[in-house]
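The report below concerns one protein chain and is written for a reader who wants the cut-offs stated with the values.

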Amino acid sequence: AFANVNAVPQIDREKREVAFDILIDPGRRVYVRRIDIAGNMRTRDEVIRRELRQYEDAWYDAEKIRLSRSRVDRLGYFSDVSVDTTEVPGTQDQVDLTFTVKEKPTGNLLLGAGYSSADRLSLTASIKQENVFGSGNYLGIEVNTSRSSRTLVISTVDPYFTIDGISRAFDIYYRTNKPIN
C-alpha cells in the first residue's frame, strides 16, 4: 500500500544515452481495517460486497482491490466505480478502503404498435429491470398481442441464489395462436 518507487538516471553524455536504475522499497505491510461503500442510493450494500475479493481485516492486496473494482463495474448498475485508500490515524499498519459508485438507470420500457393486413393491429409492451428494488435480481415482463396470437412472458433471475454464486432463473410463458380464417 505504501510502496516507494524511485528512478535514478545514469547519464552518458558521450553516447547521448540515459539509463535508469529503478529502486523499489515495498514499504510496510498493512491490513485493510474497513471497507466502506458510498454513492449507492438504490443498490444494497450486500450486492456490491459479494463482488469484493479484498476482505476486511486481511492483508492489503492491490491485485484483489483491482479485481474487486472490476467485478463491481461489470455488474452494469454503475456508470463509475472508484476506490480510495486512506491511512487510519494513529496506526502504521492499517488502511480503510472506500468504494465510491455512481448509479445509472437499469430499467427498460418498450411500447410498440404494428399493423398488417392479416392481424390488423398488434401491440407490444415490455418492462425489464436489471436491478429490481436494488437487490441485484432481474425481472422482466413482456406482452405481445394481435388478432391471431397472444404472448405473455415473465422472467426472473437471481444471480446469487446460493452464497457460492449459483444462480436461479424462472421463465413463465403463456401463448395462444388462432388461425386467421
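This is a predicted model: local features need pLDDT of at least 70, side-chain atom pairs count only at pLDDT 80 or more; totals for chains, interfaces and linings use all residues.

Residues are numbered from 1 along each chain as its sequence is written, and side-chain values use heavy atoms, with hydrogens and water left out.

| Property of the chain | Value |
|---|---|
| Radius of gyration (over C-alpha atoms) | 27 Å |
| Box of the C-alpha atoms along the principal axes | roughly 95 × 50 × 25 Å |

For a compact globule of 181 residues, the radius of gyration would be near 16 Å, by a rule of 2.2 Å times the number of residues to the power 0.38. Of the 181 residues, 22% count as buried, meaning under 20% relative accessible area with a 1.4 Å probe and protein chains only.

The chain holds 2 helices and 11 strands, taken as DSSP runs numbered from the N terminus (helices H or I, at least four residues; strands E, at least two). An open sheet of 4 strands shows mixed pairing in the order 4-3-6-5, where pairing requires at least two DSSP bridges between two strands. Strand 4 (58-59) and strand 5 (78-87) stand at the edges with a single partner strand each, so one side of each lacks a neighbour in the sheet. Strand 5 pairs with strand 6 (residues 94-103) in the antiparallel sense over 9 bridges, and Asp-80 has Lys-102 in strand 6 as its bridge partner. Helix 2 (residues 62-74) packs on the sheet and touches strand 5 and strand 6, contact being heavy atoms within 4.5 Å.

How values were computed
Axes are lines fitted to C-alpha atoms, for helices over the stretch in contact, and angles run from 0 to 180 degrees between N-to-C directions. Buried means under 20% relative accessible area, exposed over 50%, partly exposed in between (1.4 Å probe, protein chains only).
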